Amino acid sequence: MNRRKQSLLNAVIALFSEAVVALVGFWLPQAIIVNYGSKANGLITSLQQLMQYFILIEAGLSGAAVFSLYKPLAENDTNQIQRILFSARRMYSKIGWVFVLLVVLTSVVYPVLIADTGYPNWMVSVLFCLIGLNGATQLLFIGKYKVLLNASQNNRYVVFLNAMSTCLFSLTIILIANLKAHFIVAVGLGCMAYLVRAFCYWLVVRKLFPQYGYRDNSEPYQFKNQKEVFIQQILSLLVMNSSILILSFSKTDMTEISVFTVYNMILTAVFMLMNSIHNGVSAGFGDLIARNDLPKLQSTYAEYEAVYQVFWTVVFSCVSALYLPFIAIYSQKFTDAVYVRPTLCVLFSILGAVWSVRIQQSVLIVAAGKFKEIQRGSIIEAVLAVLLSAVGLMIWGLEGMMIGRVIAALYRMVDFIRLSHRQVLKIKLRVTFKGIILSTVLILLVNLATVWVSNQIPIDTYVKWGLFALVIAVVSLIMALIGHMLLYREQARVIIRKYIKK
């Protein structure tokens, strides 16, 4: 299968998988809040976010191993591939057991450092260890397989298997919660999904790559950029998940954390959607960069950007217009906290839009292995995100914290556009900024129209919300196609000739 078909197939499967995950994911907090209360929802979310920091101990290895595999896979250098896979397996095994030790030790201390959860400390510790099963299986069993799948442009399997396990985890908890079983029992049974996922990874890799093994190689491979990738992953996750840490360790009430997580749930679903697009093409860009084919890289990116700007416009026209009506409908049965907050909806929508552009540009930088070059900007972004979020929380609560995150994300978006265009693509920034400005104007126009419509017709049921969403999607798609086909005229002709006329 050629690179274009691989990327398209990856993107389609990833979109479908993430849409299913998002749909199931919306039911999970609702089931927890209705059956166990907002404190329980705040607790499990804070534990899951903290666990992401522990999984970071593999981040440098994962990124460095994937980057190291691009060239030998392009050249079909079996010996080099074997060396990299063997070394990845050994490293994953070591850090996996370090992770297990960290989880056990932290589970004892963590309950003392957070606000009252409504559960005894020993129960919080058990819950922490159960949730840690996700990371343990990723490191001890899955990581070495995921590296090969991602580098070989087969990340559709990664997305699908992860989506399958997430859905199984969520659906199990929803079922057990509605049967009124204990919270710990529900989470414990849900975590069995991670064991199923590990077995499925083994089956897929054994089927796709029977020629490669992970053992009996006497010459380990020394990964390049491992330290830089590790630092970059820490800083990225700090930016993404610092809000939960700040809320948890400032002893913010669990009900307030639950409000944040319900809003963040929608933003996370959007991030997953956008990431699925970028992950589908990242290996293709990595392949072109490994081959030093700059003209092809530039033309491929130009086509990708033209399509992505249309997609970005439609997604965030819908997100910004539908956020508040969805929260109002979704939280109708929640009585222990105030969930409907219009200002939060606006701030989360802005953050999602800015972050999506940031991710689009970072794909190129990571594919090119420019980890050292982005460290300074990553440190600045992390410092801004943590400091501004913490100060904003003290001054204006959740809304203030989100303003801090938006400012940090805007800085990094501009920085990433500059780096990707000057150091990877070697093209001017002008067209990209014009595309972003045009998309922003179109989103604002759609929102002005939808505010008027929603004032005339109350959106108070899921059916009305769905019809409203369909209308917004169609209108914004027409506007985006017209606007961006005029801006990206050359790319539009190429896309029509390559795909539509065929």
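I started at Ile407, which sits in helix α13 (residues 375–425); helices here are DSSP runs of H or I with at least four residues, numbered from the N terminus. I noted that this is a predicted model, where local features need pLDDT of at least 70, side-chain atom pairs count only at pLDDT 80 or more, and totals for chains, interfaces and linings use all residues. Residues are numbered from 1 along each chain as its sequence is written, and side-chain values use heavy atoms, with hydrogens and water left out.

Ile407 counts as partly exposed because its relative accessibility is 42%; buried means under 20% relative accessible area, exposed over 50%, and partly exposed in between (1.4 Å probe, protein chains only).

Then I turned to helix α7 (residues 183–190), and found 6 of its 8 residues buried. Among them are Phe183, Ile184 and Val187.

My last topic was salt bridges, and I found 6 in the structure. The term means a side-chain nitrogen of Lys or Arg within 4 Å of a carboxyl oxygen of Asp or Glu. Glu381 pairs this way with Arg358, their closest N and O atoms being 2.7 Å apart. Glu381 lies in helix α13 and Arg358 in helix α12 (residues 342–367), so the pair ties together parts that are 23 residues apart in sequence. I saw that both Glu381 and Arg358 are buried. Glu381 also forms a salt bridge with Arg412, at 3.6 Å between the closest N and O atoms. Arg412 is buried too, with a relative accessible area of 0%.

Technical notes: Helix = DSSP H or I, 4+ residues; strand = E, 2+ residues; numbered from the N terminus.
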